[in-house]
Amino acid sequence: MRSVATGTPAPARPAAAGAGTSRAGAGPGRAPRQPRPAWAAGIGQAVPVMLGYVPVAFAFGVLGHTAGLPWWAMVAMSAFVYGGSSQFAALQLLAVGAAPYAIVLTTFVVNLRHLLLSAAIAPRLAGWRRREQALFAYELTDEAFAVHSAQYAERAERPKAEVFAFNTAVHASWVAGTLAGVLAGDLVTDVEALGLDYALPAMFMALLAAGVIADRRGLAVAVVAGGCAVGLTLLGLQYWAVLVAAAVAATFGLAVAEREGRADDGEAVRTEGAPGR
């Protein structure tokens, strides 16, 4: 372009800083970084849980092999029952030759806690199809509930691919760990000496620690639940301790939430009624 005053060509303007480079710090010719697919994000969230599931499932497979159960029965139990504590309880009853109705009833009682977990997570799935809700419920475990609750608290709308990728990955790790334990059953003679049974509760406490510590009400509920569960276990209510403690702690948390809500409403009324300055 020419200069208006002299009619001579105007000097070329210097190139803008960063011209020829893509945004977000990408180098010349590089495409901007794409976000991870939803399924990859779900698998990434599942890795810590998988690291806790595999050793416990391995211990379950070893114990089942020691008890003389066929490999396919152990794998099928991990695939269809998919409940760590209930599977170990059923395995002990099978080893002593308990009646089938006793095994079914014990498994039902041990898994009753999932009613509370499902009730807490159900509002997040209100817009899902019934078959999607059923598939989610089928793969809901204590650890999955902890992760899903934390993720939904940060993002109310999560891609279904992310949710189901997480559930499928952790379920597959549980089945794979069981199969590995069955195949290695002859090589491992004492599972308790390896401390594998501590991997699951340690991982679960790590998942809950961050959220509980950051919330005073959550910390109070956790203390009530833990104290109640320990006390009931010492009294001999081994299988009912978790369910009763969860119900007591949930009631306590609801009462505290309602009290805080009334206090906030009263403060809001006083603030609105105060004369302007």
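Which side chain does a polar contact of 3.4 Å join to that of arginine 113? The partner is serine 85, whose side chain makes this polar contact with arginine 113; a polar contact is a pair of N or O atoms within 3.5 Å, where within protein one must be able to donate a hydrogen and the other to accept it, and residues adjacent in sequence count only if both atoms are side-chain atoms. The model is predicted, with local features requiring pLDDT of at least 70 and side-chain atom pairs pLDDT 80 or more, whereas totals for chains, interfaces and linings use all residues. Residues are numbered from 1 along each chain as its sequence is written, and side-chain values use heavy atoms, without hydrogens or water.

Arginine 113 belongs to helix α5, residues 113-121; helices are DSSP runs (H or I, at least four residues), numbered from the N terminus. With a relative accessible area of 13%, arginine 113 is buried, a class defined as under 20% relative accessible area, with exposed meaning over 50% and partly exposed in between (1.4 Å probe, protein chains only). The side chain of arginine 113 also meets that of aspartate 142 in a salt bridge of 3.0 Å, N to O. The criterion for a salt bridge is a side-chain nitrogen of Lys or Arg within 4 Å of a carboxyl oxygen of Asp or Glu. Because aspartate 142 lies in helix α7 (residues 142-154) and arginine 113 in helix α5, the pair ties together parts that are 29 residues apart in sequence. Aspartate 142 is likewise classed as buried, at 18% relative accessibility.

In total, five salt bridges are present in the structure. Side chains of opposite charge can pair when their charged atoms come close. Arginine 155 is partly exposed at 30% relative accessibility, while glutamate 162 is buried at 2%. Salt bridges with shared partners also join Arg129, Glu132 and Lys160 into one network. Arginine 129 is partly exposed at 48% relative accessibility, and glutamate 132 is buried at 14%.

Helix α10 spans residues 216-234 and comprises 19 residues. From its first C-alpha to its last, α10 reaches 27 Å, close to the 27 Å expected at 1.5 Å a residue; the expected span is 1.5 Å times one less than the number of residues. Its buried residues are Cys228, Ala229 and Leu232. Seen down the axis of α10, these buried residues fall within an arc of 100°, so they line one face of the helix; the arc is that of the directions from the helix axis to the C-beta atoms. An α-helix has 3.6 residues a turn, so residues three or four places apart point the same way. Arg216, Val223 and Leu234 are exposed on the other side of α10. Just after this helix, glycine 236 adopts a positive phi of about 105°.

Leucine 112, in the loop between α4 (100-110) and α5, is buried at 13% relative accessibility. Its C-alpha atom is separated by 9.7 Å from that of tyrosine 239, 127 residues apart along the chain. Tyr239 contributes to a nonpolar surface patch with Leu237, Trp240, Val244 and Val248. Together these residues have about 420 Å² of accessible area, computed by the Shrake-Rupley method with a 1.4 Å probe, only the protein chains shown counting as cover for residues. Patches are made of residues with over 30% relative accessible area and no salt bridge, like charges being joined within 9 Å and nonpolar side chains (Val, Leu, Ile, Met, Phe, Trp, Tyr) within 5 Å. Valine 248, in helix α11 (residues 241-273), is partly exposed with a relative accessible area of 37%.

How values were computed:
Helices (H or I, at least four residues) and strands (E, at least two) are DSSP runs, numbered from the N terminus.
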